Amino acid sequence: MKIMKKSLICLLAGALSLVSLTGCDKDSEGLTKITTYAVIDLDGGSLVKVNKGATFTDPGFTAIQGTEDVTANVTVSGNVNTARCGFYTLTYSVVNPDGFPATASRTVMVVDPDNFASAYLASCKYGSRSYSGLKIMITDNGDGTYAIDDLAGGLYCQGRYPGYEAYGYDFWYDDNLKLDGSTVTLAAGMGSGTNWYWKEPLDCLNGTYDAETGTVTYLAAFSGDADDAISVTLTK
């Protein structure tokens, strides 16, 4: 029994020696190279608001790769046109020495504080579902009416089903609004109820515009039913 145990120990020792020698012979083969990615931090956050006609100045950014500051290597793409209300995307990119990229993006929201036509951020709620920070545009048609790109406040097109338009689904309910003092209603006609995915038309109920705060509130009611409506709040 002792002989067998001694033989087994010798065999194990020999196997370990063989593995050790093999590892030494292959010292530089099959090893995974470690690379350090850069991290880009945006001063001022990923969303910045600027008034129409004002000068936009980038709040700044930093990029750190491990312990090295590589901010000087960052390239910025995209542009901001403050003469036109809308949402503009700036992309910040840097590539490490091994060719691996790091990116960050910032949305610049150009708003008109003095007019109903502007870019807005929407909060919407329908039943148990609610979303916020959705991008909505209201533009002046030049005939006393205003076009809104989604009367549903982004609930479906940006909240529940973002990007589905690329597959042929229309979850945007574009329509025309009328502003009478502080009262917001649909312009004549029912808008795009036949164009969007759900087919059922929406109405704009209890709509108001607070010019001082730049806030729009209304109910986007299915077939005009206030009890079956999306609650929408738009803010500049």
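Eight strands close into a barrel here, in the order S8-S9-S10-S11-S12-S13-S14-S15, with antiparallel pairing. Ignoring direction, neighbouring strands of this sheet are turned by 30° against each other on average, with axes fitted as lines to C-alpha atoms and angles running from 0 to 180 degrees between N-to-C directions. Keep in mind that this is a predicted model, where local features need pLDDT of at least 70, side-chain atom pairs count only at pLDDT 80 or more, and totals for chains, interfaces and linings use all residues. Residues are numbered from 1 along each chain as its sequence is written, and side-chain values use heavy atoms, with hydrogens and water left out.

**Confidence and overall make-up**

- The protein chain has a mean pLDDT of 88, and 84% of its residues reach 70 or more; pLDDT is the predictor's confidence in each residue, from 0 to 100.
- Residues 1-28 are the part to treat with care: pLDDT stays under 50 there, and the model gives them zero contacts beyond four places in sequence (a contact means heavy atoms within 4.5 Å).
- The protein chain holds two helices and 15 strands, taken as DSSP runs (H or I of at least four residues for helices, E of at least two for strands) and numbered from the N terminus.
- Of the 236 residues in the protein chain, 34% are buried, meaning under 20% relative accessible area with a 1.4 Å probe, protein chains only.
- Among contacts with a separation of 6 or more, 49% link residues 24 or more positions apart.

**Around the barrel**

- S8 (residues 118-126) meets S15 (residues 229-235) in an antiparallel pairing over five bridges; strands count as paired if DSSP finds at least two bridges between them.
- S11 (residues 175-180) and S12 (residues 183-186) pair antiparallel over four bridges, with Leu179 opposite Val184.
- The hairpin of S11 and S12 has two residues between the strands, and Gly181 takes a positive phi near 65° in it.
- On to the next neighbour: S12 pairs with S13 (residues 202-210) in the antiparallel sense over two bridges, and Gly207 in S13 is the bridge partner of Val184.

**The nonpolar cores**

- The largest nonpolar core has 32 residues, and Phe116, Leu151, Leu177, Tyr218, Ile230 and Leu234 touch the most other members; such a core is a set of buried Ala, Val, Leu, Ile, Met, Phe, Trp, Tyr and Cys residues joined through side-chain atoms within 4.5 Å.
- At least two residues of this core come from each of S8, S9 (129-140), S10 (145-148), helix H2 (155-160), S12, S13, S14 (215-222) and S15.
- S14 is the top contributor to this core, with four residues.
- Leaving out residues up to four places away in sequence, Leu234 touches a list that includes Tyr120, Leu121, Ile136, Ile148, Val216 and Tyr218.
- A second, separate core has 15 residues, including Leu42, Leu90, Val108 and Val110.

**The open sheet**

- Three strands make an open, antiparallel sheet in the order S1-S3-S4.
- S1 (38-42) and S4 (68-69) are its edges, each with a single partner strand, so one side of each lacks a neighbour in the sheet.
- S3 (residues 61-65) and S4 run antiparallel and are joined by two bridges, with Ile64 opposite Asp69.

How values were computed. Buried means under 20% relative accessible area, exposed over 50%, partly exposed in between (1.4 Å probe, protein chains only).
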